Amino acid sequence: MISPHSHPSPDAARPVRKAVVPAAGLGTRFLPATKATPKEMLPVVDKPAIQYVVEEAAAAGLDDVLMVTGRHKRAIEDHFDNALELEQVLAAKGDTVRLDAVRDPARLANIHHIRQGEPLGLGHAVLCAQKHVGDEPFAVLLGDDLIDPRETLLSRMLDVRERYDGSVIALMEVPPEQVHLYGCAAVEPTGEDGVVRVTGLVEKPSHEDAPSNLAVIGRYVLDPGVFDALARTAPGRGGEIQLTDALQELAAGGTVRGVVFDGLRYDTGDKADYLRTVVRLACDRPDLGPEFVAWLKEFVTGLEGAGEGRPGERFAA
């Protein structure tokens with residue numbers, strides 16, 4: 001067991017180069033929009049949600065990205081491929097801004113794809129990446145969680161992994177009444193600000209049974225030993241293999257740390273949160289923000305002062 005104040009392992013210096021992005025979910029919460037369109041391809045302003053995730057991985061120096069997809073997810077592969085006909089049209093028009101926007105997804109990283117085959121849970125999706133990852137440490141980024149591009153969460157997690165080996169998970173404080181929506185961690189201090197040792201994990205506990213209000217969010221840096229743990233993990237609720245169960249086994253061995261994140265995170269897995277994400281990121285855009293914020297203020301004022309009828313009707317575009 002690694003003590004909280006142990007020296008880094010000699011093997012800890014092995015760099016993390018690969019990222020795994022599970023993207024095989026059915027997106028049932030967004031039907032009918034996701035009937036024919038992958039939920040990961042829903043636009044957040046003018047980019048699909050999954051592009052933000054790949055950009056985050058690339059910004060942290062991970063230049064090898066494996067997407068674990070499923071049936072009817074071909075649009076994801078197409079988005080991160082070249083679109084020669086479209087590029088030729090834009091080039092002929094001299095539209096370099098849109099041309100770069102079209103080319104950028106394919107230039108972010110070396111992107112690979114594999115199909116999960118059966119919807120057997122997040123743990124099974126990660127296990128599908130074993131052949132590609134091999135015996136290297138790797139990151140896992142969930143597409144429903146967007147981390148603001150100005151944050152450095154993933155880079156910090158990679159630094160903790162480099163110094164201490166083992167696995168690293170991202171944690172975030174949530175209100176006690178929301179702990180039942182997340183996996184929650186039991187932790188011990190390490191003496192390092194914002195870094196804890198994870199001693200246990202509970203998947204979606206009741207408020208009374210939660211070991212803390214530190215919830216696991218969708219960023220992981222995993223030791224390749226997680227594959228052996230996943231192979232031993234029996235299917236749980238719904239017949240799915242849970243990544244949390246495998247991490248619980250590793251945590252019992254003292255090799256899991258948590259980085260407590262208090263920055264900007266956007267949840268695109270819920271309709272209301274998705275809408276809030278679009279509004280927030282649109283407000284932050286220098287090309288859209290000033291005009292959009294001005295309209296938004298006017299719109300909200302109209303809602304507050306609206307009487308009978310349809311609030312905001314007179315502000316329709």
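**View 1. Helix 10 and helix 11 sit oblique to each other.** Angles under 35 degrees count as roughly parallel, over 145 as roughly antiparallel, 65 to 115 as roughly perpendicular, and the rest as oblique. Here the axes of helix 10 (residues 271-284) and helix 11 (residues 289-305) cross at roughly 125° and come within 7 Å. Axes are lines fitted to C-alpha atoms, for helices over the stretch in contact, with angles from 0 to 180 degrees between N-to-C directions. Helices (H or I, at least four residues) and strands (E, at least two) are DSSP runs, numbered from the N terminus. Helix 10 brings V279, A282 and C283 to the contact, and helix 11 brings G289, F292, V293 and L296; contact means heavy atoms within 4.5 Å. Sorted by type, the residues of this contact are six nonpolar, one polar and no charged. For that sorting, Ala, Val, Leu, Ile, Met, Phe, Trp, Tyr, Cys and Pro are nonpolar, Asp, Glu, Lys and Arg are charged, and the others, Gly among them, are polar.

A quick note on the model: it's predicted, so local features need pLDDT of at least 70 and side-chain atom pairs count only at pLDDT 80 or more, while totals for chains, interfaces and linings use all residues. Residues are numbered from 1 along each chain as its sequence is written, and side-chain values use heavy atoms, with hydrogens and water left out.

**View 2. Strand 11 (residues 214-222) is mostly covered.** Strand 11 pairs in the antiparallel sense with strand 6 (residues 138-141) over four bridges, and F138 has L222 as its bridge partner. Two strands pair if DSSP finds at least two bridges between them.

**View 3. Helix 1 (residues 49-59) holds E56.** At 13% relative accessibility, E56 counts as buried. Leaving out residues up to four places away in sequence, E56 touches L141, I147, L154 and R219. Eight of the 11 residues of helix 1 are buried, so the helix is largely enclosed by the rest of the structure. After helix 1 comes G61, with a positive phi near 90°.

Terms used: Buried < 20%, exposed > 50% of the residue type's maximum accessible area, 1.4 Å probe, protein only.
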